[in-house]
Amino acid sequence: MNDKLLTAEKIKATPSTTISTSRGDMHSKEVSKKSFLTRHQTMVNFVLDTILLINFVMLVWVAVIVQFIFPPAVAANGYTLWGLDLGQWMDLQFGVLAVFCLGILLHLMMHWTWVCGVIGSRLFRSRDGKKRVMDDGQRTILGVGLMIVLLNVMGLGIALAALAIRSPI
């Protein structure tokens, strides 16, 4: 009875739990309370990087078909390749690009602490030239600020292109 009480206290006090085997022996086994991503980060990185590589190769393949196999867009009316016309191939190219961008975003999210750490240590040094140690909050603010700047620059470029386009008439 006292062993059960001690076992219950162990469960509450530490991240490890005591389990009973079929023989009745008591053994201590470490039970991780980390997330799936944290426990399997190497495998998740490998799978994501493999998917990104395959997606990149597919993106290059579709881009080569659109750019070099089909005639220029004004002359491509009626041409098809494996049942798809130029417009459908361009839609496929955009879809593959969107999936690639999503994979890159996930990759950055998984390595965010490292990215912020490198940016902080390389760009922000103390006055005597030594590396400045930034805490997690400062790195996060720096990273989010950088992401906001990059997204605004991209949005500005898209807005300028939308305003500058001219019709042929």
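This is a predicted model: local features need pLDDT of at least 70, side-chain atom pairs count only at pLDDT 80 or more; totals for chains, interfaces and linings use all residues.
**Notebook: helix contacts and ring pairs**

I started at Asn55, which touches Val96, Val99 and Phe100, leaving aside residues up to four places away in sequence. Asn55 sits in helix H3 (residues 41-69).

Next I checked helix H4 (residues 86-110). Its 25 residues should span 36 Å at 1.5 Å a residue, and the end C-alpha atoms are 36 Å apart, so the two agree. I listed the buried residues of H4 as Leu86, Trp89, Val96, Phe100, Gly103 and Met110.

Then I went for the rings. Searching the whole structure gave me four aromatic pairs. Phe56 and Phe100 have ring centres 5.9 Å apart and planes at 40 degrees, so I noted the pair as tilted. Phe56 is in helix H3 and Phe100 in helix H4, so this pair ties together parts 44 residues apart in sequence. Phe56 is partly exposed at 43% relative accessible area, while Phe100 counts as buried at 17%.

Trp61 and Trp89 have centres 5.8 Å apart and planes at 70 degrees, so I put them down as edge-to-face. Trp61 is partly exposed at 42%; Trp89 is buried at 3%. I also found Trp61, Trp82 and Trp89 in one aromatic cluster.

Last entry: helices H5 (residues 112-123) and H6 (residues 136-164). I got axes that come within 9 Å and cross at roughly 90 degrees, so H5 and H6 are roughly perpendicular. I sorted the residues of this contact into seven nonpolar, four polar and one charged.

Methods:
Residues are numbered from 1 along each chain as its sequence is written. Side-chain values use heavy atoms; hydrogens and water are left out. Helices (H or I, at least four residues) and strands (E, at least two) are DSSP runs, numbered from the N terminus. Contact means heavy atoms within 4.5 Å. The expected span of a helix is 1.5 Å times one less than its number of residues. Buried means under 20% relative accessible area, exposed over 50%, partly exposed in between (1.4 Å probe, protein chains only). Axes are lines fitted to C-alpha atoms, for helices over the stretch in contact, and angles run from 0 to 180 degrees between N-to-C directions. Angles under 35 degrees count as roughly parallel, over 145 as roughly antiparallel, 65 to 115 as roughly perpendicular and the rest as oblique. Ala, Val, Leu, Ile, Met, Phe, Trp, Tyr, Cys and Pro count as nonpolar, Asp, Glu, Lys and Arg as charged, and the others, Gly among them, as polar. Rings of Phe, Tyr and Trp (its six-membered ring) pair if their centres lie within 6.5 Å; planes under 30 degrees apart count as stacked, over 60 as edge-to-face and the rest as tilted.
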